[in-house]
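Me: I would like to learn how to read a model of a complex, one feature at a time. Please give the general idea first and then the case at hand.

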Amino acid sequence: MRLLLVEDELDIRSFLQRSLEETGYQVEAAADGKTAESLALEGIYDILIVDLGLPDQDGISLILKLRQLGVSAPVLILSARRSVDDRVRGLEQGGDDYLTKPFALAELLARLRNLLKRNSPPGNESTRLRVLDLELDLLRREATRSGQVLQLTTQEFVLLEYLCRNAGRVVTRSMILDKVWGMRIQPDTNVVDVHIYRLRGKVDGKGQQPLIRTLRGVGYVLKDR
Amino acid sequence: MSSKIAKPIMHSAAWRISLWATLAFACGTMLVFVFLHRFVADDIQRRSDAWLSGEVEVLGDVAERTPKDAVYGRVVGEVAELAAKEVPNKLLSESSKNDSVFFLQTGRDGAPKLWVGAGRGDANLRAIQAAGILPGSPTDIKVQGFDIPFRVASTRIDDGTLIYLGLSERDELRVLRSLRLRFILLWLLLVLLGFGIVFYTTRRMLSHVRQITEAASRIGHSDLNARVPTTKRSDEVGHLALTLNHMLDRIESSMHQLHTITDSLAHDLRSPLTAIRGKLEMSLSAGVLPEQVEPIVSAIDELDRLDDFLNKSLDVAEAKADALRLTRSEIDLDDLLRSMIDLYEPSMSERGLQIGLRSAGPLKISADPSLIHRMIANLFDNELKHLPAACKVTIDLRSEDNAAVLLLQDDGPGFDPQVLPHLFEGRVKGKDSLGHGLGLAFIDAVARAHGGTVTASNRETGGAQLALTLPLVFNTTLDRTESARSGSLRGSSGLPR
């Protein structure tokens, strides 16, 4: 996957480039709009990350210019601004996404994956999810582990489904709040953790391999191997 | 806006102004007419008096010179008849029967000697004698059998007899009556026309003022880009609109400046936060020693708390300047509270707390979802952090007078009475409180930005109570202009911020 990163802050650019490369992206980085333009026209990219506050031009103007020049790859917009610009919202409706700084790397990666998935032809949406010996029947809203039916509440099922869809990848608390509860909030209490503990108590029975892992300071991951 | 149209026209200023103006106009013209009427009446009286005096002199002269023989009666009678035909103000059509003039001659003893006129003249004589008319000055008398009084002039001739000439005031009164009738008709017409003109012009002028008011209130709610409508005329209303627009320009520019400051502050702090957070995360994933994990994790937590603090501080600062930017959409508070309770319930029961919701069903408001979500999460976080075990939190949601009322009560220790009056000022927190003490100030800021209120109190039965009101779906014109604006923004590109 070829990725163009447009970010003027050296610190952010370098750590993003490093972690994106570790994840498996081929990253080209630009520090301003001019460089980004010439890079985008020379090479073909699968996805772009564009910071809104560039030194030579506005991030949105750059995106619109690139669109006019025929660059159709999805864009993840990074913004350190306070309010979400109407134009960002417009771009969001056009299929791009935005993320406010500071962000968790896991969330950035999840959003990139989502954007790439949106752009690829839709595969067969399965009605069953399977991770190791954990199986979810999405039609009957039923989860089983090693053939044993798990007694989950509706909300717990949605949470587990979200973890399964991202099996093997880290999800953060704010991602869970956004996707499972539909809220972009930052509670300063451990509300999400308690839900995860409860779910873990039901999913990871005695003597079974623990599936739900906590990565301290980062988030949670549902192990897939 | 619909409420303004439905308002009865009688309550409008235009109606009151035209009513008073018309009243003044009507009184003024009426006063002028009264004077005119008196003048005309006096003048007519003066003319008929002059005629009467002249005629009675002539008749007296004739009576003196005519020999007192058999033809005397006829001669004087005919002269009197002739005189009657020259009555001033007389209607021509009634010439055939003359009852408007009488002539009477009485002897020294007061007995009638000669009578010319309608009827027998007895009643006239009685009335004349009762009035005690003196020669020289015409006097009004009321004669039995006649509705309208007579004006009578008299003269004494040489032989000591008295001659009376009476003229009915009928014609004079008719002239005056027709004058009055015409005037009243004309006056009514004028007053109605005047009312119409005044009402129309003031209404037109005031409708412009109303447009200005509506636009200004709309601007006060949300839309600082809008301006009040202006006219080309340079009258007071035009000046008002221009002045308001100048004021709005200044407000918008200082608001813009405030936004620039908060934006750049946020930007300048968030960029290093992002870099630090990223580096910390990378060092975590790079495989550090187990004893190094804890400090890194807590540093990340601190960074997130710092970011939250930054956001809330700026939100509170902007809200205090009435400059918090809202992106409204429809929110069902009932639904939101249920998912919020669903989210918080496990943590609460973990701590031995109970939480319950009493709600009458869906309650939709038009508000900024992100802010409302954060505000409610803040309320819940507060309870979670401050309540001792085994307490119960109840939330009542209902609608009251076009507002959603959210009442949050607990049976905990309540607010510290010393802190209570300053609870929403920010940076205030109880002795044992964790956090930065911005929570309630933020709740207040969000409520105010949405046109709502929040009040805190201690219940009499013990425990704290927070009452939050938020207006329900607002004014349709507001939403229409807002959606029109965002629509136009979405459609165009490269618009300056």
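Reply: Start inside chain B: leaving out residues up to four places away in sequence, Val446(B) touches Leu371(B), Ile372(B) and Met375(B). Two residues are in contact if their C-beta atoms, placed from the backbone, lie within 7 Å. This is a predicted model, in which local features need pLDDT of at least 70 and side-chain atom pairs count only at pLDDT 80 or more, while totals for chains, interfaces and linings use all residues. Residues are numbered from 1 along each chain as its sequence is written, with chains lettered from A and ligands numbered from 1 in the order in which they are written.

Me: Which residues have the most contacts inside the largest nonpolar core?

Reply: In soluble globular proteins, nonpolar side chains tend to be buried together. A nonpolar core here is a set of buried Ala, Val, Leu, Ile, Met, Phe, Trp, Tyr and Cys residues joined through C-beta atoms within 7 Å. Buried means that 20 or more other C-beta atoms lie within 10 Å of a residue's own; with 12 or fewer it is exposed, and in between partly exposed, again with C-beta atoms placed from the backbone. The largest core has 110 residues, and those with the most contacts inside it are Leu4(A), Val6(A), Val50(A), Ile376(B) and Val446(B). Another core, of 27 residues, lies apart from it and includes Trp51(B) and Ile128(B).

Me: How many residues of chain A are in contact with chain B?

Reply: 41 residues of chain A are in contact with 48 residues of chain B. On the chain A side, the elements giving two or more residues are α1 (10–23), α3 (59–68), α4 (86–93) and α8 (191–203). Helices (H or I, at least four residues) and strands (E, at least two) are DSSP runs, numbered from the N terminus. The most comes from α1(A), with six residues. By type, this side of chain A has 17 nonpolar, eleven polar and 13 charged residues. Ala, Val, Leu, Ile, Met, Phe, Trp, Tyr, Cys and Pro count as nonpolar, Asp, Glu, Lys and Arg as charged, and the others, Gly among them, as polar. For the complex, the predictor gives an ipTM of 0.86 and a pTM of 0.66.

Me: In which order do the three strands of the open sheet in chain A lie?

Reply: Strands of a sheet pair through backbone hydrogen bonds, either parallel or antiparallel. Two strands pair if DSSP finds at least two bridges between them. In chain A the order is β10-β12-β11, with antiparallel pairing. The edge strands, β10 (170–171) and β11 (212–215), each pair on one side only. Four bridges join β11(A) to β12 (residues 219–222), and Ile212(A) stands opposite Leu222(A).

Me: Where does the backbone of chain A have a cis peptide bond?

Reply: Most residues other than glycine have a negative phi, and most peptide bonds are trans. The cis bond joins Lys101(A) and Pro102(A), with omega about -10°; Pro102(A) is in the loop between β5 (97–100) and α5 (105–119) of chain A. Ser146(A), not a glycine, has a positive phi of about 50°. Ser146(A) counts as exposed because it has 11 C-beta neighbours inside 10 Å.

Me: What is the average pLDDT of chain B?

Reply: pLDDT is the predictor's confidence in each residue, from 0 to 100. Chain B averages 81, and 88% of the residues score at least 70. Over residues 1–6 of chain B the pLDDT is below 50, and over residues 475–497 of chain B it stays under 50.
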